[in-house]
Amino acid sequence: MDHLEYCFLKTPIGTAKIIGNDKGISEITVLDKDVQGTEVVPESLRNCFNQLSEYFNGDRQIFSLKLNPKGTDFQKKVWDELLLIPFGKRTTYMKQTLKLGNEKAIRAVASANGKNPLWIVVPCHRVVGTDGSLTGYAGGIWRKKWLLEHESPSGQTSLF
């Protein structure tokens with residue numbers, strides 16, 4: 001097993017924990033507990049740390065990172081589809097399922113979204129219910145709402 005490094009980044013929605021190594025970023029989650037931010041970021045995580053900082057500062061819309069998530073082939077296919085959702089846009093679970101080619105797989109697609117280990121960078125927060133409702137976000141609906149509002153066009157104060 002490869003040695004994994006980690007660091008912590010303070011964000012407006014909690015402390016992000018970044019895990020990875022030279023093979024790529026394997027996990028980004030936002031913790032519910034307050035954790036001290038990392039002062040010396042490991043070299044293998046520095047690019048991700050900096051890009052997430054830029055995102056939260058409003059200076060980045062597209063991530064350019066080497067990703068190495070752990071998951072099944074199906075989950076990785078679902079996560080790859082999430083990467084195609086542009087900044088500031090939303091899609092529905094059904095549209096995502098149809099793009100993957102099997103409308104009967106909606107529960108499996110929603111489950112794979114819920115197991116996305118790369119929060120924010122792989123934007124599962126951009127997937128909403130067919131009626132536009134904010135459903136299903138492992139980090140909590142309030143974080144999903146915050147992220148969608150953060151990505152909304154300027155001049156629009158609230159999406160919900």
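The model is predicted, so local features need pLDDT of at least 70, side-chain atom pairs count only at pLDDT 80 or more, and totals for chains, interfaces and linings use all residues. Residues are numbered from 1 along each chain as its sequence is written, and side-chain values use heavy atoms, with hydrogens and water left out.

Let's start with α1 (43-56); helices here are DSSP runs of H or I with at least four residues, and strands are runs of E with at least two, numbered from the N terminus. α1 has 14 residues and spans 21 Å from first C-alpha to last, close to the 20 Å expected at 1.5 Å a residue, where the expected span is 1.5 Å times one less than the number of residues. Buried residues of α1 include Leu-45, Cys-48, Phe-49, Leu-52 and Phe-56; buried means under 20% relative accessible area, exposed over 50% and partly exposed in between, with a 1.4 Å probe and protein chains only. Among the elements covering these buried residues are β1 (5-11), β2 (14-21), β3 (24-31) and α5 (141-150). Just after α1, Gly-58 takes a positive phi of about 85°.

Further along, Lys-66 sits in the loop between α1 and α2 (73-82). Lys-66 is exposed, at 54% relative accessible area. Leaving aside neighbours within four places in sequence, Lys-66 is in contact (heavy atoms within 4.5 Å) with Asp-22, Lys-23, Gly-24 and Ile-25. Ile-25 is 41 residues from Lys-66 in sequence, yet their C-alpha atoms are 6.3 Å apart.
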